[in-house]
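Work through the exercises below with the coordinates open. Each task is followed by its solution.

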Amino acid sequence: MTALLVILVFGPLLGATVAGLFGRRIGDTPSRVITTGFLFLSCFLSWYTFSQVTWGEWGGQHIVRLLPFINVADFHSDWSIRLDALSAVMLVVVTSVSALVHLYSWGYMADDPSKPRFFAYLSLFTFAMLMLVTAADFMQLFFGWEGVGLASYLLIGFWFHKPTANAASIKAFVVNRVGDFGFALGIMTIYWMFHTIRFAELFPLIAAKAGTNWTFISQEWSALDLAAILLFIGAMGKSAQFFLHTWLPDAMEGPTPVSALIHAATMVTAGVYMVCLLSPLFEYAPAARTLVTVIGATTALFAATVGLAQNDIKRVIAYSTCSQLGYMFFAAGVGAYQAAMFHLFTHAFFKALLFLGAGSVINGMHHEQDMRKMGALWKLMPITYAVMTIGTIAITGIGIPGLDLGFAGFYSKDTIIEAAWAASGSPAGAFAFVVGVFAAGLTAFYSWRLVFMTFHGTGKWKHDDHAHDAHADHDDDHGHGHGDHGHAHVPHESPWVMLVPLLLLSIGAIGAGFAFHEYFVGEGQVEFWKGAIFNGPHNEILHHAHLAPLDIKLAPLVATAIGTIGAIWVYLLNEGMRARIAANGGPIHTFIYNKWFFDELYNATFVRGAKFLGDLFWKGGDQKIIDGLGPNGVAAVTAFAGKGVGKIQTGYVYHYAFVMLLGVAGLLSYALWAWAR
Amino acid sequence: MNLQAIAFYVLSVITVVSALGVVSARNPVHSVLYLILSFFTAAGLFVLLGAEFLAMLLIVVYVGAVAVLFLFVVMMLDVDFGSLREGFVRYLPIGGVVAAVLVVEMVLVATAVGEQGAAKGSGAPDILLDAPNTEQIGRVLYTDYIYFFQAAGMVLLVAMIGAIVLTLRHRPGVKRQSVMDQVARTPAKGMRIVQVKTGEGISE
Amino acid sequence: MMDFSGAVALALPEIILAVGALILLMVGAFGGDKSTGLVSVGSGGVLIAGAVAAAYGPLGSTFNGGFVADNAAAFAKVFIYGFSAVGVLLGDRWLKRMAASKFEFPVLIVIAALGMGMMASAGDLISLYIGVELQSLALYVLCAFRRDDAKASEAGLKYFVLGALSSGLLLYGASLIYGFAGSTKFVDIAAAVQAGAGQGAIFGVVFLICGLAFKVSAAPFHMWTPDVYEGAPTPVVAFVAAAPKMAAMVLFARALLQGFPGAVGQWQQVLVVVAALSMGWGALAGLRQRNLKRLLAYSSVTNIGYALLGIAAGTDQGVTAMLVFMVLYMIDTTGLFACLLALNRDGKPMETLADFAGLAKEKPGLALCITGLSFSVMGIPPFAGFWAKFYVFKAAIAAGLWPIAVFGLVASVVAAFYYLRIIKTMWFDPSPGRTDASPLDARGVAVAAALFSCGLVVLALNPLDTVAKLAAAAFHLS
């Protein structure tokens, strides 16, 4: 088992190392083959591991200690691989999506000059993510956390010659720093309280500390709440929750496979994963859970509204991701961690599918991302159209509640909404339930809007000469275009190497919910999780959720139906209406279109403020005071003194003799003065 | 106050004053003469201490040889001492301050030590009166101090080598008298008989 | 007092040198110019024999306490005689190239080495003074050896006049000490100071420190150093910069630690000031130097400051550090001067910074040597100079002298500038022209020193440390 897990986790690192360090030497194709090969190996091993954990002999928790990391006094940290149901699920999600994205990138990045670098980054990301999900203590969790952050930064800025990509990568990194600050403080708090950062040692200790109070910023805090909230701030940054969400839409500057892998399926879900992993902590931190619920629900609503008005195909999906992450968080917040994990699992498939499908569209449209310039693509890109439709049905969660039969999103999202209903005894729970249902409608609206604007209606691309002229030049430069057709300006279907991952993912999008809901959230959940997720003694949310009456179960479906019909009305039947709404605007449209003015607000406050402070310290503090007195000042004084000292060296013997006598007199005086004291 | 004390104060005052004269006299010849005077009085102080041999050495070596050599050098070398002394007034104030500081400090220490009587019990070794001064020096010079004596010899050797290295020149083409050559000279070596033909002369 | 044979056995290294010098002098005097080569070889042999005798000789004290043969003396002598032999080699070859060979040159080096040996073994103020004078006198002559060279003569004269002044200070201090302590022997002085001879004798110590500071060229008594280094023939400077400094430092340590162990607090303060002045002055004054020999002079002033810090610590560890520092410094400085000796352009020595432009292309090997040795003197780990400074600073901090150690670190940062400038000039500036072929002897010494400082030192450090500890133990300190 050890060897298998080590290969599973470190295979991608090996691939990344080879492709990253020797990519130029060994060439593009070997780099791609090596990285993709290792990923598929990992993927295969992950599924094997998952099956062994779920049905086989590897149930329960296993911790494989690889190497000691830090041993200082009673602070111990190891490099290890933790295997339980939770990490097994994550292994499957991460390696499956990653492997398919690797494969997909063969086609998508076919024209890119630095393929080895891209594949090395992808594999590096995968390794970091695997370290994160298999962490057995906070140190390694943090290592993985930062590792994926680094890979994300590198990949968002992969096209570093684009200023917007650079800005976006920096933004992602900086916003994540804010979250990581909270995360680090949370880890320190945990260590301060429990003197251990190992999960296995930590979790049994938590119950005893419930109710302990701490003074922090001269306020009394429940100690566990404080720790949980600080950790959750880290999760907010990584998972782009309300207030710290601004980086995610901008991160779409990266190549689309990156968006699919990192900013939809895996990295952004790390926050959710962490909250679920720390369920023993959050179970005893009611205030923190309330915060999680409120933030999650707010994000779900906020992102869904913003998604309504965006025109960039990737940004729509990005806000959709944001919104779905909100669902996961409020599920965890009300105590249905299983539901959160389940939604994470299904979401990975259909969201990766949507992103890769969008990538296929972008590829076919010659790197055009504006949906207003698309339309009527369904004939030209039938397979992409089919898989996008599947993905949309999956995310909107269409299914038949009575029969428990539907697409992936149906199972997971409805479970979450039912769980929120079950928790609606508390205000936060009630808020979450209302938002969940309402956002389901919005989700349906913007998802269908995307499909209709892209694939239906009239093809706006036919009139746009400028874009494909430029693109034709581009093709001439490289001597080969997309595919083998003669007319580069006509949108075309993507090559098979891109379509195969799409088809595989659509199987997941259709069947993942049906196949696994019994295990994740159904009757078999206790047996499935085997204690990897902890529910407090009074937490029977999941049980209550199943007992929800039919009208509650129908509520999200109704909302979805309304949203769908609205989308059909606006985008399919009255095609001109969209433009009219956009033109007439009105405050609500403006507000939504501008993403609630978050970027402007942050710019005005944090960015400007920080810039002002930075300028103050840089120009005033560093240049004038520190450099002036420090390096430059010392250098100037040194040069001046050197000049003065040099002048004494006149060459006259009597001057020298005089200096010597001065020295004698000076030393004598000093000696007498010193001794007299 | 006995005669010895009077002699001591007279001699020491003259020593100090003449030492001042050495450095302050305008005429270098006068400086050397002051130096000789100060040697003389210092020799007198040695006599007062009962070190007649040292006193004689001082006069014979320092006055008789060293100082007179100085005098010759000063008189023979045509050095413009006026120009050398140009900076004297300019440096006098600061030089004076340094000197004054040194003097004050020495006086301070001397009085402090005098009050505490620090040197008690470890004065100079007693002079044995069983032998004359010269013999006593001779006794330790070749026994206890043989090392220093020999080492001092090496110092003198170096001085000699140095003087030779720095001044001895073997100039080519300098005509020197060689007695050996002169004595060994024979008619055969010294003469050549040449038959001179008429009207041709000798051309060599 | 020991019997005669015992005394001879203890002083055997010095006797070998003295007798050897006399014999060689006779050989030279009667053999004429033809015998110069023989005298040189003989001098080298005598020096090496002296080193061997010092290394394996018996330990003890003789000549009524005037001569001490202990581990510290033996340690110093081995290196002094060894480096003097290198001086003979470099000087002899150099004179031959200048067509100015004289048999007195090696003999004077032997006699200077004899003086240094006496300094290292001095157990008495008189032997201290005579040793210093013997060494100094020989060095004065060596500096002015090329009497037709105006600069060399000036250097010799300046050295002589200022040296006489410093001898005056030394003597004045010695007589004060004798006057108050009633003895010239260090052991007796220590006892007298312990008994309360106190301030008067310690007043003399200040003068003694001043006089010895001149010999090691510590500020503010270093004024002669740049002029002499610049004017004197380079092989002489290579000699003057290494062995005499070692001798004077050991003498310094012995006079202060054996003569005044009870007054560490008092002389430590003075020595710290001298050390600080040396470090600061050397570092600052070197900044504007464009003549490499002058620059190395200031470098030596700075480095002596570090070495003095070891003595100022007044501990066993401090003396060990000083000894290790001096050995490593001697190697560095000899190597650097050998590099200078090896470099000529159109028959003229290359001495200014501008001459070194583009040397890396002309003479990559020597440029590499200079670079390595400069890094070493700068104190970049893991080169020799780093360990030297590391030892000294460690000892100083252990003795509570951390402010001065910090000051020393700052000074070494400032001083790093001028070494870096040399390196930059050599590697990045365009060359003004071809250099002459470099002589084998100088090149060999340079390469050997560079190899040691940049690599072998790591191996040598441990044995060196062990031996230096043994030597330092001779002073019976805590």
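**Exercise 1.** Is D429(C) buried, partly exposed or exposed?

Solution. Note first that this is a predicted model. The relative accessibility of D429(C) is 22%. Buried means under 20%, and exposed means over 50%. D429(C) therefore counts as partly exposed. Next, take its partner. D429(C) forms a salt bridge with K424(C), with the closest N and O atoms 3.4 Å apart. K424(C) is partly exposed too, at 41%.

**Exercise 2.** Find which parts of chain A the salt bridge of D78(A) and R65(A) ties together.

Solution. Start with the distance: the closest N and O atoms are 2.7 Å apart. Then place the residues. D78(A) sits in strand β2 (residues 75-83) and R65(A) in strand β1 (residues 62-72), so the bridge links parts 13 residues apart in sequence. Finally, check accessibility. D78(A) is buried at 8%, whereas R65(A) is partly exposed at 48%.

**Exercise 3.** Describe the interface of chain C and chain B, from its area to its residue classes.

Solution. Begin with contacts: 39 residues of chain C meet 31 residues of chain B. The two chains bury about 2,900 Å² between them, 75% of it on carbon and sulfur atoms. R147(C), F180(C) and F203(C) supply 19% of the area that chain C buries there, more than any other three residues. Now the polar terms. Three residue pairs are in polar contact. By element, α6(C) gives the largest share of the chain C side, seven residues. By class, that side has 26 nonpolar, eight polar and five charged residues.

Notes:
Residues numbered from 1 in each chain as written. Chains lettered and ligands numbered in written order. Predicted model: local features only at pLDDT ≥ 70, side-chain atom pairs only at ≥ 80, totals over all residues. Heavy atoms only, no water. Contact = heavy atoms within 4.5 Å. Buried area = accessible area lost by both parts, 1.4 Å probe. Polar contact = N/O pair within 3.5 Å; in protein donor to acceptor, adjacent residues only side chain to side chain. Helix = DSSP H or I, 4+ residues; strand = E, 2+ residues; numbered from the N terminus. Nonpolar A, V, L, I, M, F, W, Y, C, P; charged D, E, K, R; others polar. Salt bridge = Lys/Arg side-chain N within 4 Å of Asp/Glu carboxyl O. Buried < 20%, exposed > 50% of the residue type's maximum accessible area, 1.4 Å probe, protein only.
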